[in-house]
Amino acid sequence: MSRNLFLRIVDAIKDHDMYFEQRIDALGRFGLSTLQKITAVFRMLAYGLPADATDEYVKIGESTTIESMKRFCRAIVEVFGELLHIGEQRGFPGMLGSLDCMHWKWKNCPTAWAGQYAGRSGSPTIILEAVADYDLWIWHAYFGLPGTNNDINVLESSHLFSNLASGPSRFWRKEVLHDIMTTCIILHNMIIEDERDLNAPIQDAVEAPTPTIEMVIDENLRFEQFLARHKKIKDKNVHFELRNALIEHLWEQRTNFEN
């Protein structure tokens, strides 16, 4: 992360949450600075350090570091969360990118939940599903399913295709873990955006015309349309046809390139 991007984040978080402002106590002594709190959080996120390990580097207590982590991640989601919605403008013009799932080990998983969160690794994990493009910009992320699920179960539960299948959108703690994971994704995209080569020969996508939407009054017709969309998404024959067409296209391109 560049210095300019780091300072941009520091200023935005300080303006959003007064907790990160340096304060003076009743005796006139200065408290922890903004940089101390945020640097401690970054060291935990970047290096996986425990909260009590940051005291040696930035002179900050364990409890303050934990509180800073929680409030920093919530502030990042509230201030920069719109970066995750850029992908909505693209719609589904073609191939999204590379979709994959990763397991994040949950060290402090409650014992009562360990059975449903422990997968093949034997340790409790929480799954992140993400779609990234060629320069690793994350366009879609879904986090929260127990580690016992496989990639297919995650895709069935995520909202990646839910808007196509169902039409209208569906209406320590996992909430804190969700904020931390979302923060990592947002910071990742901010770094990618900051380090992008602006002179790279990248062709901007052509904007599609605004679709006209007609309100459906007949509930039976709406349900039939839902079933049709759902069947189209689940059609195995279409999947195999697209797969074979992609293989043939890549084979042709590769063969012509070598010749």
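R71 has a relative accessibility of 31% and is classed as partly exposed in this predicted model. The side chain of R71 forms a salt bridge with E67, with a closest N to O separation of 3.6 Å. E67 is likewise assigned to the partly exposed class, at 32% relative accessibility. Both residues belong to helix 4, which spans residues 62–80; because E67 and R71 are four residues apart in this helix, about one helical turn separates them.

A further salt bridge links E78 and R74, whose closest N and O atoms are 3.4 Å apart. These two residues also lie in helix 4, with a spacing of four residues, or about one turn of the helix. R74 is partly exposed at 34% relative accessibility, and E78 is partly exposed with a relative accessible area of 45%. Salt bridges with shared partners connect E67 and R71 to D17, so that D17, E67 and R71 form one network.

The side chains of D25 and R29 are also paired in a salt bridge, with an N to O distance of 3.0 Å. D25 has a relative accessibility of 33% and counts as partly exposed. R29, with a relative accessible area of 53%, is exposed, because the exposed class begins over 50%.

In total, the structure contains six salt bridges, among them D25 with R29, E67 with R71 and E78 with R74.

How values were computed: Residues numbered from 1 in each chain as written. Predicted model: local features only at pLDDT ≥ 70, side-chain atom pairs only at ≥ 80, totals over all residues. Heavy atoms only, no water. Salt bridge = Lys/Arg side-chain N within 4 Å of Asp/Glu carboxyl O. Buried < 20%, exposed > 50% of the residue type's maximum accessible area, 1.4 Å probe, protein only.
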